[in-house]
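Here is a quick look at one model. Have the sequence and the structure open as you read.

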Amino acid sequence: MNWLSIIIFLPVAFLVLILLLPERFREWYRYITLGTALLQTGIAFVIYAGFNRSQSGMGIDGYQLVEKLPWIHLELGSLGRLEIDYFLGVDGLSVPLLILSALVMTAAAISSWEIKKNLKGYFALFLLMDAAIMGVFCALDFFLFYVFYELMLLPLYFLIGMWGGPRREYAALKFFLYTLFGSVFMLLVIVGLYFSVKDPVTGAYTFNMLHMMNPANFVDGAVFSPAVVETIFGVPARLLGFAVIFVAFAIKVPVVPLHTWLPDAHVEAPTPISIILAGLLLKIGGYGILRICFGIFPDAAVHFSWFIGMLGVISILYGALNALAMKDLKKMIAYSSVSHMGFVLLGFASFTVEGTSGAVMQMVSHGILSTMLFFLVGVIYNRVHDRFIPNFRGLAGHMPHYAAFVMVAFFASLGLPGFSAFIAEAFTLIGTFNSASVNALLPRWMAIAGSLGILMSAAYFLWTLQRMFFGTTRFKGGESWSKQLSDLRPIEWALLLPMALLSLVLGVFPSLFFNFSNATIATLVQELYKTGMQQLNILQY
Amino acid sequence: MKEMLPHISKNVEEVLGSLGFFLPELLLGALFLLLILADLLLGRRYKNGSPIIAFAGVLIITLITCFQFEDAGKVFFGGMLHLSVFALLLKILFGVGMLLVITFAVRDFRIRHNEKGWGDFFSLLVAVLLGLNLMAMSSNLLMVFLSIEMVSICSYILVGYTTRERLAAESSMKYVLFGAVCSAVMLYGISLLYGLTGTLQLNSEFTTRLAATDALAAGLALFTTLAGFGFKLSMFPFHFWVADVYEGSTNSVLAFLSTLPKAAGVGVLVQFMHATYGFDWATWLAVFSIITMTIGNFQALWQDNLKRMLAYSSIGHSGFLLMGLAAFSQTGEMAVYYYLVIYTLTNIGAFVIIGMLANILHSENVNSYKGLGFKMPVVSVCFVILLMSLIGIPPAGGFVAKLLLFSAALEGYGSDGNILFLLMMIAGAINTVVALFYYLKIPLNLFLRKNEGMVIVARGHLLLKAVIVTLTALTVLLGIFPELVMRYFEG
């Protein structure tokens with residue numbers, strides 16, 4: 001039992017407590033949840049402080065706080081043994097995301113003050129999802145990862161479906177179907193993978209992801225063996241396996257054209273759940289692509305890098321264009337998420353250390369900023385139950401503090417130097433631009449197209465700012481709205497200020513992140529590229 | 001005549017020696033008689049007498065069955081019965097399932113307030129359990145036929161137990177007709193097999209002789225014989241009876257009908273497949289699997305009546321079971337057994353909930369469940385978890401079951417490269433998503449929709465609630481620790 005198990009199962013313990021507490025203590029549920037999230041944040045920073053930054057590697061030596069317990073060991077008769085372990089560990093890639101998760105969860109817990117009905121159910125589901133999200137970032141066993149990954153779905157379905165907006169049924173179902181569609185096919189690949197990989201020590205088939213990442217552990221002649229070219233339906237099995245898992249995670253990211261669940265889910269979800277969706281769920285997609293897709297199928301990743309980069313560029317531009325056209329503020333921000341997550345894909349595809357570091361940083365930065373953005377939308381929506389951009393004008397004069405935070409969040413998101421998004425996007429674009437000369441995977445115009453995306457994000461953010469906040473104060477709801485639209489409350493300050501500062505700190509001292517994860521990401525990128533190229537030579541039939 | 005005499009003593013010895021292995025079944029027979037007598041003598045004074053005797057008896061017999069592991073692998077009664085490990089495990093599953101069904105039936109309104117009394121009902125359940133046990137163990141085609149007929153005839157009566165209602169009468173009639181035709185076809189197949197091989201024993205002799213016959217003739221004989229098992233398994237093309245019969249049956253009968261005969265059908269099919277080794281079962285079962293699961297799940301999409309929905313979904317589950325059987329390996333057998341355990345627990349649980357809610361709402365339509373989740377939170381949450389298990393979402397047991405089936409199918413692909421295995425896996429994945437779509441109608445109505453005007457007359461359903469919670473807990477527990485079941489296959 002180390003810190004990782006504690007951070008995962010702490011919410012479960014408090015979940016049980018909430019379930020046991022009678023209904024008359026329901027106001028306590030909020031504090032219990034907030035307390036859980038704060039405790040998790042504390043643990044996350046303890047992990048951050050105790051982390052050895054120079055340790056890196058593709059095998060078990062690259063991971064810290066490793067915990068491995070035998071879980072399911074089955075004798076499968078003719079097949080031999082099957083090994084599933086309770087296997088946790090973190091490296092420079094997962095710790096930043098773990099900290100982000102704890103922070104976003106805290107923000108979401110604060111934002112949950114707006115929830116007024118069925119508190120017991122809400123907070124129980126909230127904590128269950130919290131545990132699952134933490135688990136996803138810590139799991140090193142594919143089975144365990146999948147269990148956590150799927151465990152998120154049901155709570156989210158209910159959280160969107162029960163506490164969401166008018167079209168919540170549709171949005172919740174769509175979200176569930178999309179994700180399950182991706183993950184069921186991923187399950188098929190998982191089955192194929194564990195049949196292909198044997199634990200070098202015990203000789204049993206294993207779900208251990210680290211073993212799957214080491215080409216030496218593949219069984220000769222197995223479906224996904226990199227040593228020989230197995231084909232399924234005439235396509236090399238490894239390319240197919242990569243594509244299937246990539247699609248599963250791409251749905252989560254989301255990558256255009258698999259993004260259509262996102263605007264619905266984000267818009268219909270209550271504010272705290274929008275925050276979690278944008279702040280964490282999308283990152284799980286990105287994390288999965290880098291850790292699992294790229295980690296296990298580096299050859300296919302190199303092979304498809306152009307397409308992945310292209311999908312990134314399309315997401316950036318298409319998301320931005322859509323955001324430009326939206327009249328609903330929440331939808332605008334949802335599409336801006338699609339656009340910003342495109343950078344993550346572009347950075348990964350570049351196979352450069354700068355690009356990948358930038359992409360991971362973009363995940364962290366977008367996690368912080370989207371939390372702010374969705375919360376800010378929630379602020380006015382909770383006051384007047386309207387969030388259409390044309391219905392507001394001159395908010396800056398009416399709610400100056402609110403407007404200040406909106407400006408900070410907007411400018412940070414559009415990549416103003418000094419904020420985290422600038423560093424992240426700059427590094428991603430540098431990596432993309434260098435890719436042409438370093439490894440010739442991505443053409444230079446993709447970097448240029450990416451910068452165009454930044455330009456467009458400036459356009460939609462500034463235009464929204466101009467429409468909603470400047471000019472003479474005029475609201476659709478007239479006098480009653482003016483009364484309801486009071487400026488920020490202390491609890492809203494408590495959420496927005498730390499988030500804004502965090503983005504600023506990361507923007508001014510990016511080394512806080514880069515120094516931390518550099519060793520891991522540098523090894524990861526170099527090793528992936530090297531093994532990828534080697535295996536690709538075999539694959540070039 | 002005189003030369004037969006030494007054989008008689010040998011036969012008698014053999015029969016006497018076999019009795020020890022046959023103890024649970026003998027006791028079941030005795031229990032059946034006891035129940036009839038008890039109902040005749042005490043039925044009027046002690047209404048709960050029959051179910052209590054039945055429950056206690058089945059419990060004891062199941063416990064005795066658990067001690068049969070040392071006899072596993074024995075063939076007895078002159079090769080009529082074969083107590084394989086798989087059959088033994090199935091027998092334990094039948095016992096546990098029957099205990100749940102008996103408990104459920106005690107609180108089933110249509111059984112409890114039946115004007116014919118309910119003593120016969122429990123003796124029938126015991127009789128059908130005997131039939132199921134014989135089905136799982138039978139290793140002689142005659143025994144196969146006898147045991148299937150025993151189960152069928154008992155099932156016909158169970159379905160028609162509430163025949164005062166028009167729907168029940170209709171469904172019972174449909175069931176009888178369809179079952180009779182399938183039995184007849186199977187009998188025809190068995191006669192062909194006997195003609196081809198000269199033996200009714202499902203042993204190695206049968207295998208070698210069958211392999212020597214003309215492939216077309218053997219195939220015809222096997223397919224016609226398959227009709228009998230297919231009927232029990234509700235696999236394509238013998239699935240047409242399912243929805244109508246389910247809709248007309250009362251819920252406790254349904255909890256039985258949708259689970260245990262299916263498991264027994266699997267048991268017979270496994271024995272039969274072992275005996276017909278060499279026939280290309282993989283290809284055919286894969287094709288049937290794909291068609292069965294697709295038909296079941298897609299038809300379930302359009303249903304609002306929960307019984308019909310679960311009827312079609314049970315056809316879908318048969319498709320999944322066939323996936324494991326098609327692989328025809330040790331992994332496949334294990335996966336199928338695990339799937340059966342989880343499926344039996346979850347499906348009985350689901351029908352208990354449907355029955356309980358039907359008692360309250362007088363409706364089995366999913367739209368009548370609106371907002372119920374807030375009135376009956378425990379039951380509703382359990383329902384959702386059971387449905388997740390049926391879909392195959394972790395950590396419920398259905399997920400591990402599906403994973404094992406996929407593993408078996410992939411192993412099958414690895415061993416002979418038959419592309420149908422891959423298609424079957426893809427069909428399984430697609431069907432899982434389809435299943436999500438219709439199963440989610442239930443949580444949608446339970447929790448997402450509001451129904452302010454609903455008044456629930458809370459009645460004591462403590463027994464059923466206890467059953468529901470236990471089953472849900474078991475489903476999750478077995479999902480997290482599948483070894484609790486799987487370890488019996490090792491060694």
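Which residue in β2(A) does Q64(A) stand opposite? Q64(A) faces V90(A) there. This is a predicted model, where local features need pLDDT of at least 70, side-chain atom pairs count only at pLDDT 80 or more, and totals for chains, interfaces and linings use all residues. Residues are numbered from 1 along each chain as its sequence is written, chains are lettered from A, and side-chain values use heavy atoms, with hydrogens and water left out.

Now the sheet: chain A has an open one of 3 strands, in the order β1-β2-β3 with mixed pairing. Its edge strands, β1 and β3, each pair on one side only. β1(A) and β2(A) run antiparallel to each other over 9 bridges. (Strands are DSSP E runs of at least two residues, helices H or I runs of at least four; strands pair if DSSP finds at least two bridges between them.)

| β1(A) | 64-75 |
| β2(A) | 81-90 |
| β3(A) | 205-206 |

Over in chain B, helix α7 (residues 141-159) is mostly covered, with 14 of its 19 residues buried (under 20% relative accessible area, 1.4 Å probe, protein chains only). N140(B) caps the N-terminal end of α7(B), putting a side-chain oxygen 2.8 Å from the backbone nitrogen of L142(B).

Back in chain A, V508(A) sits in helix α21. V508(A) is partly exposed, at a relative accessible area of 46% (the class between buried, under 20%, and exposed, over 50%).

Technical notes. A polar contact is a pair of N or O atoms within 3.5 Å; within protein, one must be able to donate a hydrogen and the other to accept it, and residues adjacent in sequence count only if both atoms are side-chain atoms.
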